[in-house]
Amino acid sequence: MSTNSVIVIFYNRLYNPLIIRDLKNKFKNVYSLFVDEGKPCDIEEIQLECIAAGADRFIYKDYRKQYAQSFISKAIKANAVYQDGYHLSAALSRPALAEAAVEVADELNVDFIAHQFRGNDQARMDMNIEILGKKPIASLRDFAYSDNDAYDYASRYGIPLEFGCNNPYSTSENMWGLTIECGDLENPSQVIPEDVKEILSSKSNDMTAPFVLQVAFEDGVPVKIDNEKHELHEIINKLNAIGKKYLTGVFDIVEDGIVGLKSRAIYQSPAAHILITAHKGLEVYCSNRNENWFKDIIDKKWTEMVYSGLWYDPLMEHLNAYIDSANKYVNGIVNMEIGMYYVRIISRHSESTIYDPEMAIYNCGHIYSQDDVAGFSRIFNIHSKCSAVNKRKYND
């Protein structure tokens with residue numbers, strides 16, 4: 001392993017050049033790595049900035065397809081939504097970034113990988129890089145420059161102060177969603193500021209009429225939109241374009257962080273919200289009561305594990321095995337209506353569903369007599385009745 005080289009994962013145009021310069025004081029070779037997970041960026045400008053800052057080489061790695069197939073597909077099957085609003089867009093991205101960076105590090109025979117994260121993300125990156133056999137460097141943990149230094153550098157070299165570069169907000173974005181934090185948002189009593197609303201909304205949107213689309217699933221994974229087959233990352237991109245016009249999948253939540261400290265964030269995850277809504281509806285339709293009840297428990301644990309950065313924990317292998325098994329029967333189509341601020345299922349069809357119209361609760365008189373219900377009700381109610389009566393006597 002080379003101990004005089006480091007790979008620095010690009011994250012933020014504001015801090016990235018100074019981080020590269022700082023690392024050049026410690027390593028002979030600094031390789032700047034841009035892992036593409038679907039965030040719109042000007043790659044050529046970023047490459048020029050990295051080289052100008054002193055990077056010995058700029059590496060672009062297109063990870064969109066692999067990110068969707070190996071990470072996002074699992075999140076869909078697990079109906080992954082943390083605390084009713086966060087679709088794990090950043091948390092899911094971090095093990096993918098680590099995996100992509102380690103692949104490049106192995107090719108270049110490099111041992112050290114530097115990232116540019118703070119907060120929950122630094123723990124996620126530290127753990128995942130180390131588990132994959134490399135030595136993590138959290139560049140911002142011992143950053144040699146102040147925020148003013150970063151702003152001055154950006155101004156001097158014409159680096160745009162993009163929205164979310166701690167001015168005053170902090171953002172994270174990939175194809176699975178956008179996160180906006182910090183600034184006035186740190187006060188939960190503060191309504192979403194106008195500049196944040198402008199980022200969330202599509203300026204081209206002047207429509208309010210609902211939009212209907214169809215999503216087809218195989219083994220719990222989306223494979224078609226409106227009967228046209230696409231790769232998963234292509235489906236996500238199409239649904240993001242549609243959903244953003246209708247402000248679908250926007251959530252304002254206060255969440256519990258990895259160590260339990262609360263934070264507020266605005267999340268926008270159009271495709272994630274649409275696909276998980278569709279998947280959950282189809283999964284319930286194709287599974288029996290016990291499967292659905294237990295799947296909710298498994299899904300919650302899976303989501304908590306990913307949020308906590310535990311992608312490579314052995315428990316994840318067991319959870320994924322069950323989730324994959326449960327999704328073997330989640331096949332079919334879901335028709336959805338998307339309107340301003342909402343998405344809802346309007347119909348579903350599956351050849352593998354256990355639903356039988358002849359056995360719907362109000363149509364099954366041919367299976368049992370209504371007179372049978374009286375005996376069932378008495379037996380089913382014995383435990384609750386006895387408990388309630390005894391407790392009432394005790395309280396009296």
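Of the 396 residues in the protein chain, 47% are buried, meaning under 20% relative accessible area with a 1.4 Å probe, counting protein chains only. This is a predicted model, where local features need pLDDT of at least 70, side-chain atom pairs count only at pLDDT 80 or more, and totals for chains, interfaces and linings use all residues. Residues are numbered from 1 along each chain as its sequence is written, and side-chain values use heavy atoms, without hydrogens or water.

**Whole chain**

| Property | Value |
|---|---|
| Box of C-alpha atoms along the principal axes | roughly 85 × 55 × 45 Å |
| Accessible surface (Shrake-Rupley, 1.4 Å probe) | about 19900 Å² |
| Share of that surface on carbon and sulfur atoms | 51% |

The protein chain has 12 helices and 14 strands. These are DSSP runs numbered from the N terminus: helices are H or I with at least four residues, strands are E with at least two.

Charged side chains number 41 positive and 55 negative. Lys and Arg count as positive, Asp and Glu as negative; His and the chain ends are left out. The centres of the two sets lie 3 Å apart, with each charge placed at NZ of Lys, CZ of Arg, CG of Asp or CD of Glu.

**Met127**

Met127 sits in helix 5, residues 119-131. Met127 counts as partly exposed because its relative accessibility is 28%, between the 20% limit for buried and the 50% above which a residue is exposed. Leaving out residues up to four places away in sequence, Met127 touches Ser308, Gly309 and Leu310. Ile235 is 108 residues from Met127 along the chain, and their C-alpha atoms are 31 Å apart.

Definitions and conventions. Contact means heavy atoms within 4.5 Å.
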